[in-house]
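This briefing is meant to be read beside the sequence and the three-dimensional view.

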Amino acid sequence: MTETMFIRRISPDTLETVGERTRITDYVTVNTATAHPHVLHDGTVLNMGSNFRHNKGPHYCIIQVPPSYDSEDTVFTKAKILLEIPCSLKLYPSYYHSFAITQDKIILIEQPLYLSMPRFLMSKFIRRNTIQGCLSWKPNIKTKFKIASSKTGKIHPIVYETDDLCTFHHANAYEENGNVIVDLVGYDDPNFLINGESMKFRSGKNGKNKPTLRRYILPLDGSKIASIPSASIRPSNHQIIDISPTILYNLFFEFPRINYKYNGRKYKFVYGATSTKQEETETFSELDQLAKVDVDSGEINCWSSGNSYTVSEPVFVANPIIENPTEDDGVVLANLLHKGDPEKTTLIILNAKNMREIGRVFFKADGVVTSTFHGQWSHMNDLIHLY
């Protein structure tokens, strides 16, 4: 999966591509799609894409793809647009890498990291430019949270706004006591992505670009926010609620993963990649630690790889044989890259309850093993592969 209109089918046995690539725009009217779709428990896939050619201006679209088992045809033959959310600025649709869902709601974060349509169109005819070169950060514009019903397609009338937020990865979202809770990894400033050094940023002593795990509380009823100190109704417009985050993990934290059976539901634990050298961390290649965060108590459990390895995104795998498992009954898998030998890699296996090492498997490749952002566990007996 990428953020383009093209996707590939891959054999889980050989990792070879299967058939021709699927062009999403042949089936639904979108020009992009995120690399982080949501898989529901019945196998339905929800994803978000942008339609730049909508007759009412650019829209963010939720794509629904029904499950299709043992079919040689692409599952997109029965895909449809579930709902549409108009962009706030017609010439500047927001860039997004992922989105959040609850049991019956879609949460879009419209951040002021924009894809400049004038620059994009100009690059096609006059000056060749990458998507990265068409991005523009406008910090004077607030980040907007928009909610829509996945059942009716209706857009919630209240918009939630906050300062200094750029995000790529959501941890989870759920509803509780009339509020939508959104946990994500947030940056204050995404210029490290725009300035041509997409893999380098400086957390520094002021932590300006340091990604942290944050929680935003979105009250669905604006008249009932007195008990939420992080939310306030805009006096000039009661359809806008200003919100501020609660920091769940104040150190460098990226690539959040959960027990996916709790996706869209109230949950307790999130796993991520972090660093033992917080002040010195400038690139993802310096991540050397895995962390487990209890989002209720704030308790942190970490496993460190030492100075010889770079860690990947942690992937939670539930215990398949235990009856009535708790949320953290299982293991955490991660890839370790050897800094001293780029042809070596290691699969680390941790007890998800206490983040202690259970075992590891070493691999010697035929060439350089490149770093990775994301991984997925796929059980051979599962008909539906949840993340």
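In this predicted model, strands E7 and E8 run antiparallel and are joined by two bridges, where strands are DSSP runs of E with at least two residues, helices are runs of H or I with at least four, and both are numbered from the N terminus; two strands count as paired if DSSP finds at least two bridges between them. Residues are numbered from 1 along each chain as its sequence is written, and side-chain values use heavy atoms, with hydrogens and water left out. Because the model is predicted, local features need pLDDT of at least 70 and side-chain atom pairs count only at pLDDT 80 or more, while totals for chains, interfaces and linings use all residues.

**The sheet around E8**

- A hairpin of three connecting residues leads from E7 to E8, and within this pairing Ile-101 stands opposite Ile-106 in E8.
- Strand E8 (residues 105-110) is mostly covered, with six of its six residues buried, buried being under 20% relative accessible area, exposed over 50% and partly exposed in between, for a 1.4 Å probe and protein chains only.
- E11 in turn pairs antiparallel with strand E12 (residues 159-162) over three bridges, with Phe-145 opposite Tyr-160 in E12.
- These strands belong to an open sheet of six, in the order E7-E8-E11-E12-E17-E16, whose pairing is mixed.
- Strand E7 (100-101) and strand E16 (231-234) stand at the edges with a single partner strand each, so one side of each is left without a neighbour in the sheet.

**Rings and charges**

- There are eight aromatic pairs, counted where the ring centres of Phe, Tyr or Trp (its six-membered ring) lie within 6.5 Å, with planes under 30 degrees apart called stacked, over 60 edge-to-face and the rest tilted.
- Phe-145 and Tyr-216 form a tilted pair, 5.0 Å centre to centre with 45 degrees between the planes.
- That pair links distant parts of the chain, as Phe-145 lies in strand E11 (residues 143-149) and Tyr-216 in strand E15 (residues 212-219), 71 residues apart; both Phe-145 and Tyr-216 are buried.
- Ring pairs also link Tyr-95, Phe-168 and Tyr-187 into a cluster.
- Lys-138 lies over the face of Tyr-92, at 5.0 Å from the ring centre, and the charged end of Lys-292 sits over the ring of Phe-269, 4.2 Å from its centre; the criterion is NZ of Lys or CZ of Arg within 6 Å of the ring centre and within 35 degrees of the ring normal.

**Loops, turns and positive phi**

- Strand E1 (residues 6-10) and strand E2 (residues 17-23) run antiparallel over four bridges, and Val-18 in E2 is the bridge partner of Arg-9.
- Six residues lie between E1 and E2 in their hairpin, where Leu-15 in the turn has a positive phi of about 65 degrees.
- Asp-164, in the loop between E12 and strand E13 (166-176), has a positive phi of about 50 degrees although it is not a glycine, and is partly exposed with a relative accessible area of 38%.
- Met-355, in the loop between strand E26 (344-351) and strand E27 (357-364), likewise has a positive phi, near 60 degrees, but is buried with a relative accessible area of 2%.
- Val-368, in the segment after E27, is exposed at 61% relative accessible area; leaving aside neighbours within four places in sequence, Val-368 is in contact (heavy atoms within 4.5 Å) with Pro-342 and Glu-343.

**Whole chain and confidence**

- The protein chain has two helices and 27 strands, and 50% of its 387 residues count as buried.
- Among contacts between residues at least 6 apart in sequence, 57% join residues at least 24 apart.
- The average pLDDT, the predictor's confidence in each residue from 0 to 100, is 85, and 87% of the residues score at least 70.
- Over residues 203-207 pLDDT stays under 50, and the model has eight contacts beyond four places in sequence for them.
- Where pLDDT is low, the predicted coordinates should not be read in detail.
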